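Subject: Structure for you to look at, with notes

Dear colleague,

I am passing on the structure below, together with some notes on what came out of going through it. Please read them with the model open beside you.

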Amino acid sequence: MPGTRPRLLYVTDLAYPARGRRYCDEDIHLTSRLREHFDLALCHPLDAAALMDAYDAVVVRNSGPVLGYQAAYDDFRARALSSGTRVYNPLTGRADMAGKQYLLDLSAAGFPVIPTVDRAEDLHLLPAADRYVVKPKLGADSLGLRVVAPGQAARLATGGVLVQPRVDFLHEVSFYFVDDDFQYALHAPDPRQRWQLEPYAATAADLEFARRFIDWNGLGHGIQRVDACRTRDGRLLLVELEDLNPYLSLDALPEEARDAFVTAFTASLSRFVQGAFSPA
């Protein structure tokens with residue numbers, strides 16, 4: 001496409017009321033930088049399906065939990081797959097993009113995740129606990145999450161929810177990747193303040209843990225966030241692998257690290273969009 005710039009449709013819900021975070025600030029910052037390299041338009045997720053054919057690629061960012069517009073998202077996804085529309089992140093993600101089934105699968109396969117089951121007859125596979133976390137398989141942003149006693153967990157575990165022991169952890173830590181490249185890590189020193197984040201110096205062992213899930217997911221392009229908790233004995237356990245529209249907490253980074261992320265994101269998008277203009 002000599003003489004023209006790629007056209008991006010950037011999907012975001014600027015009014016989404018996230019707890020402890022301002023999604024809109026992050027997307028305002030990112031789009032202000034991306035406009036240096038792309039012709040860019042923002043739209044609400046409800047409008048994406050109707051508008052996407054006019055653009056070279058669709059970038060799904062802070063669009064909020066799809067539970068709030070499930071039918072519209074399903075239509076967008078089906079139409080994008082049918083038409084071959086390039087969506088970033090690609091719609092082949094195996095983690096949160098496809099629901100929470102992956103936590104069951106990874107737990108059964110022996111990956112370092114919080115032990116997870118979905119049926120009462122499998123509760124014996126979990127470590128004994130005085131409280132259990134129960135959350136919907138299609139949940140997001142802690143929607144529908146409950147902490148319950150063992151007896152109640154048994155009554156709720158009928159296949160539509162996930163059940164996990166409530167883990168006594170030291171802190172939560174998140175690892176952020178663009179494509180296959182690690183960018184930065186943030187942690188919440190106070191377990192009671194999930195979104196009071198500070199930069200975290202990831203060790204080689206930490207990154208080996210996080211990369212195991214990035215490799216498992218197999219996305220060739222896109223932004224992923226590996227959320228983990230540090231147990232009292234020092235182990236990391238996966239909490240979730242966000243591969244649809246992970247919030248990036250860029251405001252918690254020093255300016256140099258934030259600029260480095262934007263540079264990596266821009267380069268990834270450029271490579272991704274270039275695929276639309278390359279011969280098949």
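To begin with one local detail, which residue follows α6, and is its phi positive or negative? The residue is G218, and its phi is positive, near 70°. Please keep in mind throughout that this is a predicted model.

Helix α6 itself covers residues 204-217, and its 14 residues reach 20 Å from the first C-alpha to the last, close to the 20 Å expected at 1.5 Å a residue. Its buried residues are D206, L207, F209, A210, F213, I214, W216 and N217, and they pack against α4 (101-108), β9, β10, β12 (223-231) and β13.

Helix α3 (residues 70-83) also deserves a look: it has 14 residues and reaches 20 Å between its first and last C-alpha, close to the 20 Å expected at 1.5 Å a residue. Y73, F76 and A80 are buried in α3, and seen down the helix axis the buried residues fall within an arc of 60°, so they line one face of the helix. That buried side packs against α2 (48-51), β3 and β4 (87-88), whereas the face turned away from it carries the exposed residues A71, L81 and S82. Just after α3 comes G84, which takes a positive phi of about 80°. Within the helix, R79 forms a salt bridge with D75, the closest N and O atoms being 3.5 Å apart; the two are 4 residues apart in α3 and are therefore separated by about one helical turn. Both partners are partly exposed, R79 with a relative accessible area of 37% and D75 with 36%.

Leaving aside residues up to four places away in sequence, F265 touches L30, L34, V59, R61, Y88, V178 and I223. As general background, nonpolar side chains in soluble globular proteins tend to be buried together.

As for the strands, 5 of them form an open sheet in the order β11-β10-β9-β12-β13, with antiparallel pairing. The edge strands, each pairing on one side only, are β11 (198-199) and β13 (236-242). The antiparallel pairing of β10 with β11 runs over 2 bridges, and L186 stands opposite P199 in β11.

Finally, a search of the whole structure finds 18 salt bridges. In one of them D96 meets K100, with the closest N and O atoms 3.1 Å apart; here D96 is buried, with a relative accessible area of 14%, and K100 is buried as well, with 6%. Another joins the side chains of D190 and R192, also at 3.1 Å from N to O, but here D190 counts as partly exposed at 26% relative accessibility and R192 as exposed at 72%. Salt bridges that share partners join D96, K100, E172, R194, R225, D227 and E240 into one network.

Methods: Residues are numbered from 1 along each chain as its sequence is written. Side-chain values use heavy atoms; hydrogens and water are left out. Contact means heavy atoms within 4.5 Å. Two strands pair if DSSP finds at least two bridges between them. The expected span of a helix is 1.5 Å times one less than its number of residues. Buried means under 20% relative accessible area, exposed over 50%, partly exposed in between (1.4 Å probe, protein chains only). The arc is that of the directions from the helix axis to the C-beta atoms. A salt bridge is a side-chain nitrogen of Lys or Arg within 4 Å of a carboxyl oxygen of Asp or Glu.
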